[in-house]
Amino acid sequence: AYSRRPQRGDAGDRAVDYLRRAAERDPKWFEPRAELGRILKSRGRAQEATAAFEEAWRLNPNVPGVAFNLAELYRQAGDARAAGLSK
């Protein structure tokens, strides 16, 4: 919810913090990691976003949005794994 609020001050940082805590509370839940990846990607934190999306993908490799975002980050980094995810 914090990530959807008007961007003021610390809203993005609070969203990241809450999503990290949600991921810790339920280690098998992919969604907090996927949303964390989206926020970090939008903030230009590509390495952290990649790690979050990789973890989300490991937990649930059937989510097209995770595959799309992870493939895009891999392409930007010149990582050959992008081609496999794009399929």
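## Salt bridges and core packing

A network of salt bridges links Arg20, Arg45 and Glu48. The model is predicted, and a search of the whole structure finds nine salt bridges.

| Salt bridge | Location of the residues | N to O distance |
|---|---|---|
| Asp13 and Arg43 | helix α1; loop between α2 and α3 | 2.9 Å |
| Arg21 and Asp17 | both in helix α1 | 2.9 Å |
| Arg81 and Glu54 | helix α5; helix α3 | 3.6 Å |

The side chains of Asp13 and Arg43 meet in a salt bridge. Because Asp13 belongs to helix α1 and Arg43 to the loop between α2 and α3, this pair ties together parts that are 30 residues apart in sequence. Asp13 has a relative accessibility of 45% and counts as partly exposed; Arg43, at 35%, is also partly exposed.

The bridge between Arg81 and Glu54 has an N to O distance of 3.6 Å. Arg81 lies in helix α5 and Glu54 in helix α3, so the pair joins parts that are 27 residues apart in sequence. Arg81 is partly exposed, with a relative accessible area of 46%, and Glu54 is partly exposed at 29%.

An α-helix has 3.6 residues a turn, so residues three or four places apart point the same way. Arg21 is partly exposed, with a relative accessible area of 39%, and for Asp17, likewise partly exposed, the value is 39%.

The largest nonpolar core has 21 residues, of which Phe30, Leu36, Val66 and Leu85 touch the most other members. Two or more residues of this core come from each of α1 (11-25), α2 (31-42), α3 (46-59), α4 (64-77) and α5 (81-86). The largest contribution is that of α4, with six residues. Which residues does Val66 contact, leaving aside its neighbours within four places in sequence? They are Phe30, Ala34, Phe53, Ala56 and Trp57.

Helix α2 has 12 residues and reaches 17 Å from its first C-alpha to its last, close to the 16 Å expected at 1.5 Å a residue. Its buried residues are Pro32, Arg33, Ala34, Glu35, Leu36, Gly37, Ile39 and Leu40. Among the elements that cover the buried residues of α2 are α1, α3 and α4. After α2 comes Gly44, which has a positive phi near 80 degrees.

Not counting residues up to four places away in sequence, Leu19 touches Pro32, Glu35, Leu36 and Ile39, each of which is listed as buried in α2. The C-alpha atoms of Leu19 and Ala34 are 9.4 Å apart in space, although the two residues are 15 apart in sequence.

Notes. Residues numbered from 1 in each chain as written. Predicted model: local features only at pLDDT ≥ 70, side-chain atom pairs only at ≥ 80, totals over all residues. Heavy atoms only, no water. Core = buried A, V, L, I, M, F, W, Y, C linked by side-chain atoms within 4.5 Å. Buried < 20%, exposed > 50% of the residue type's maximum accessible area, 1.4 Å probe, protein only. Helix = DSSP H or I, 4+ residues; strand = E, 2+ residues; numbered from the N terminus. Contact = heavy atoms within 4.5 Å. Salt bridge = Lys/Arg side-chain N within 4 Å of Asp/Glu carboxyl O. Expected span 1.5 Å × (residues − 1).
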